[in-house]
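Colleague: I'd like to learn how to read a few features off a model. Could you walk me through some?

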Amino acid sequence: QVQLVESGGGLVEPGNSLTLSCRASVSDFSSYTRAWFRQPPGKEREFVGVITGSALGGNKAYANSVKGRATIFRDNAENTLYLRMDNLKPEDTAHYFCAARPGVGRLSPGSLARSEEYPYWGQGTQVTVSS
């Protein structure tokens, strides 16, 4: 069982940056395909970005809504995944979740963006963008 714990959320002014962290309970977290999702208030959960497992190339992909403003990176030694968001906008306000799936079996880009593909989830961290 993989446990994920997110941190780093908070209140931030528009135009600023924020880095979220997701620490995993497993030592081989880099082998998992890991993703960030978010759920804006009153809306459905949506895909933010993904990094595939090491055996699948460690490829990254981002939702169009955050492309150019979001960066996923990781610290394998600390079993931690990060999401940096730049030039934050009020519409980025959401509860942000880290998710993971075993890094076996290549999925299509569309499937990687589906929350149903990820069996492991953290509790999330709230990001509020407001002046």
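Predicted model: local features only at pLDDT ≥ 70, side-chain atom pairs only at ≥ 80, totals over all residues.

Colleague: Which residues have the most contacts inside the largest nonpolar core?

Modeller: A nonpolar core is a set of buried Ala, Val, Leu, Ile, Met, Phe, Trp, Tyr and Cys residues joined through side-chain atoms within 4.5 Å, and buried means under 20% relative accessible area, exposed over 50%, partly exposed in between (1.4 Å probe, protein chains only). Here the largest core has 36 residues, and L4, F29, W36, L81, L83 and Y96 have the most contacts inside it. Strand β9 gives the largest share of this core, five residues. Strands are DSSP runs of E, at least two residues, and helices are runs of H or I, at least four.

Colleague: What is L81 in contact with, leaving aside neighbours within four places in sequence?

Modeller: Contact means heavy atoms within 4.5 Å. For L81 the list includes L20, F29, W36, I51, I72 and C98.

Colleague: Is R101 buried or exposed?

Modeller: R101 is buried, at a relative accessible area of 14%. It's found in strand β9, residues 94–101. A polar atom of the R101 side chain lies 2.8 Å from the backbone oxygen of E117. Beyond four places in sequence, R101 is in contact with Y32, T33, L107, E117, Y118 and P119.

Colleague: How do I read a phi value?

Modeller: Most residues other than glycine have a negative phi. N79, in the loop between β7 and β8, has a positive phi of about 50°, and N79 counts as buried at 15% relative accessibility. N87 has a positive phi near 50° and sits in the loop between β8 and β9; at 42%, N87 is partly exposed.

Colleague: Which element supplies the largest share of the lining of the largest pocket?

Modeller: A pocket is an open set of points on a 1 Å grid over the protein atoms alone where a 1.4 Å probe fits, with protein on both sides within 12 Å along at least five of seven lines; lining residues have an atom within 4 Å of a point. In this model, β6 gives the largest share, three residues. The lining includes F47, K60, Y62, R106 and L112.

Conventions: Residues numbered from 1 in each chain as written. Heavy atoms only, no water. Polar contact = N/O pair within 3.5 Å; in protein donor to acceptor, adjacent residues only side chain to side chain.
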